Amino acid sequence: MAARPYWKGQIRLALVSIPVEIYSATKSGATIAFNQIHEPSGQRIKYEKVVPGIGPVDVDEIVKGFEYAKGEYVLLDEKEIEGVKLESKKTLELTQFVDAHDVDMIYFEKPYYVVPADDLAEEAFIVLREALRRTRKIGLGQLAMRGREYVVSIKACGRGMVMETLRYADEVNKATSYFREIGDADPDEELLDLATTLIDKKTGKFDASDFHDRYADALKELIERKKKGKTLNIDADDKGADPRGSNVVDLMAALKSSLGGSASSKPAAKKPASKTEQQAGKTAKPAAKKTVAKPPAKSPPRKRAS
């Protein structure tokens with residue numbers, strides 16, 4: 001568990017308050033970040049803050065601005081911005097409970113682990129956790145953290161609970177604007193049955209450790225090789241290859257092949273030759289060797305009549 005909690009406070013359900021601590025459930029250090037380097041000197045590139053026509057400026061001369069029209073800004077200093085920041089309240093009041101499937105997954109943003117702050121809070125914590133699990137509900141509320149107010153959800157997770165920040169409605173693009181052009185025709189029933197059978201065949205329990213970031217792993221390998229003075233050989237034969245393949249695959253055949261059905265990728269077995277075919281094969285004469293015909297000799301050019 002992290003040494004320092006992201007937030008300390010209490011979850012309030014009516015007249016019941018439960019002291020809790022919240023820890024970030026994810027980490028950003030798993031990605032590989034690069035710096036820009038001046039190759040001749042090997043030094044890291046730094047950036048100067050400049051104004052066109054003026055040049056470099058002092059940090060004390062910089063304020064924040066909101067562009068409300070092209071080239072027009074409202075200027076705000078740090079004191080004005082701090083003045084409207086919300087005070088980080090130490091209470092998360094659960095004001096509504098909904099079915100988990102009622103909230104579209106696109107609204108969920110960042111998860112946090114929620115644990116009881118001490119032994120005295122554990123009993124009430126467990127009661128709330130099990131009530132959420134038994135009713136299959138998630139609790140919703142609003143919480144101010146670090147100057148911003150978030151919509152958050154609380155749900156049971158193992159022995160603890162998970163709090164997730166949610167995006168506001170105006171932060172999510174409407175799906176209809178993207179899906180409008182997709183047809184609404186019913187799919188072919190046989191194709192649908194094959195697809196659902198394939199899904200059932202490949203259904204299992206989710207385990208995040210089954211998946212790896214192959215690009216990050218390849219980058220780490222490349223970095224280690226470069227540290228040792230080695231280079232990475234890239235197969236030139238793969239250049240220009242189309243990963244989609246050159247043939248258009250029939251959907252029905254592809255689904256059946258995926259299920260190991262009649263459209264299998266194995267070559268069909270040859271039928272045994274009949275007696276007549278065998279006899280014909282014995283008496284057949286061997287094919288004559290082809291000879292390359294010599295091109296005819298070129299005739300001398302005719303003289304033009306004067």
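This is a short talk on a few local features of one predicted model.

Local features here need pLDDT of at least 70 and side-chain atom pairs count only at pLDDT 80 or more, while totals for chains, interfaces and linings use all residues. Residues are numbered from 1 along each chain as its sequence is written, and side-chain values use heavy atoms, with hydrogens and water left out.

Let me begin with aromatic rings, where rings of Phe, Tyr and Trp (its six-membered ring) pair if their centres lie within 6.5 Å, and planes under 30 degrees apart count as stacked, over 60 as edge-to-face and the rest as tilted. By this rule there is one aromatic pair. Its members are Y6 and Y112, in a tilted arrangement with 5.1 Å from centre to centre and 40° between the planes. The pair joins distant parts of the chain, since Y6 sits in the segment before β1 (7-13) and Y112 in strand β11 (residues 108-116), 106 residues apart; strands are DSSP runs of E, at least two residues long, and helices runs of H or I, at least four, numbered from the N terminus.

Is Y112 buried or exposed? Y112 counts as buried, at 4% relative accessibility, whereas Y6 is partly exposed at 27%; buried means under 20% relative accessible area, exposed over 50%, and partly exposed in between (1.4 Å probe, protein chains only).

Leaving aside neighbours within four places in sequence, T165 is in contact (heavy atoms within 4.5 Å) with residues including Y112, Y107, M145 and V151.
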